[in-house]
Amino acid sequence: MTCPVSPKLDFGGTTPYEDYVHASVLHGLQRQWSDDPREMSFLVITQVMELYFGLLCFEWRQAQKELRADDLRAAVRTLRRSELHMQALNAAWRPIARMTPAEFNSFRDALGEGSGFQSGRYREVEFLLGEKSRSMLGPHRAVPAQHDALEALLHEPSLYDDVLAALQRQGLPIPDEVLKRDLSQAYEPSDAVEGVWADVYRGGSRDLLELGEALTDIAEEFARWRYDHLLATRRSMGAKAGTGGSAGVAWLEKRTRRSVFPELWTARSYV
């Protein structure tokens with residue numbers, strides 16, 4: 001019987017884990033602006049959300065590469081993986097939503113004019129999902145590198161644009177005017193695209209059906225993200241003006257009414 005080998009404990013410096021994860025850097029990024037202990041929870045959760053925003057952008061860009069290579073199965077695997085990231089992201093709202101108004105107010109002043117609305121990574125998430133708006137570049141003007149990256153992304157194909165282009169290359173009748181429209185504008189639904197998805201769901205190839213379902217799952221999780229944000233805000237601060245000068249709940253309610261990948265929802269009525 002062989003004796004179990006003990007893990008190596010002495011590395012004569014930093015550990016390989018530290019070198020790979022940079023845990024000490026991550027744990028050094030939390031700096032409270034108030035003395036309230038609840039602020040630490042809010043701060044860490046917000047930073048975790050930022051990391052997930054970056055991860056989602058990475059995954060969706062990978063899916064775009066796979067779609068452009070017409071590797072639909074690889075793209076579906078990547079999209080499915082990103083859906084799990086979104087589930088974890090959405091779960092982060094729960095601790096924030098459980099704060100009473102008095103608890104949130106105990107450190108809210110520390111935020112000043114800070115707001116998640118100003119997140120450059122979240123703006124990337126929206127742009128990659130086709131939720132584009134030039135006015136949303138405004139908060140990022142003071143950071144030229146971030147502003148320039150978002151300006152470029154505004155004019156690039158969204159994830160859904162690459163999906164539709166891949167469908168056209170598969171021989172499906174996606175109109176040229178949909179693919180050649182002004183990509184800097186928010187995507188608007190197309191009757192022709194709706195018809196294509198309806199045909200896929202009536203009896204198209206399994207790969208295309210799986211692609212449609214993976215996208216629908218992402219759209220559903222994104223809708224849940226927006227709705228959970230609305231509920232957390234309503235529960236912790238009611239109808240007061242939001243941080244950063246937004247209209248708070250009223251502005252969030254307006255955002256929850258928008259759906260990404262719209263034809264994937266409407267096409268189901270014709271199957």
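Reader: In this predicted model, which helix holds both E83 and R80, and how many residues apart are they?
Author: E83 and R80 are three residues apart, about one turn of the helix. Their side chains form a salt bridge, with the closest N and O atoms 3.9 Å apart, which falls within the 4 Å cut-off for such a pair. The helix that holds both residues is α4.

Reader: Which residues are linked with R80 and E83 in a network of salt bridges?
Author: A search of the whole structure finds 21 salt bridges, and the pair E83 and R80 forms one of them. The network that links R80 and E83 also takes in R206, E210 and D217.

Reader: How many residues apart are R61 and E124, which form a salt bridge?
Author: The closest N and O atoms of R61 and E124 are 3.1 Å apart. R61 counts as partly exposed at 33% relative accessibility, while E124 counts as buried at 13%. R61 is in helix α3 and E124 in helix α7 (residues 120-128), and the pair links distant parts of the chain, 63 residues apart.

Reader: Which element gives the largest share of the lining of the second largest pocket?
Author: About 400 Å³ of space lies in this second largest pocket, and the elements that give two or more residues to its lining are α2 and α3 (38-68). By class, the lining has six nonpolar, three polar and one charged residues. The largest share, five residues, comes from α3.

Reader: What accessible area do V25, L26, L29 and L51 have together in their nonpolar surface patch?
Author: L26 is found in helix α2 (residues 23-27) and counts as partly exposed because its relative accessibility is 35%. L26, L29 and L51 are also among the residues that line the second largest pocket. Together with V25, these residues form a nonpolar patch on the surface, with an accessible area of about 350 Å².

How values were computed
Residues are numbered from 1 along each chain as its sequence is written. This is a predicted model: local features need pLDDT of at least 70, side-chain atom pairs count only at pLDDT 80 or more; totals for chains, interfaces and linings use all residues. Side-chain values use heavy atoms; hydrogens and water are left out. Patches are made of residues with over 30% relative accessible area and no salt bridge: like charges are joined within 9 Å, nonpolar side chains (Val, Leu, Ile, Met, Phe, Trp, Tyr) within 5 Å. Accessible areas come from the Shrake-Rupley method with a 1.4 Å probe; for residues, only the protein chains shown count as cover. Helices (H or I, at least four residues) and strands (E, at least two) are DSSP runs, numbered from the N terminus. Buried means under 20% relative accessible area, exposed over 50%, partly exposed in between (1.4 Å probe, protein chains only). On a 1 Å grid over the protein atoms alone, a cavity is a set of points where a 1.4 Å probe fits but cannot get out, and a pocket is an open set with protein on both sides within 12 Å along at least five of seven lines; lining residues have an atom within 4 Å of a point. Grid points are joined across faces, edges and corners, and a volume is the space filled by probe spheres set on the points. Ala, Val, Leu, Ile, Met, Phe, Trp, Tyr, Cys and Pro count as nonpolar, Asp, Glu, Lys and Arg as charged, and the others, Gly among them, as polar.
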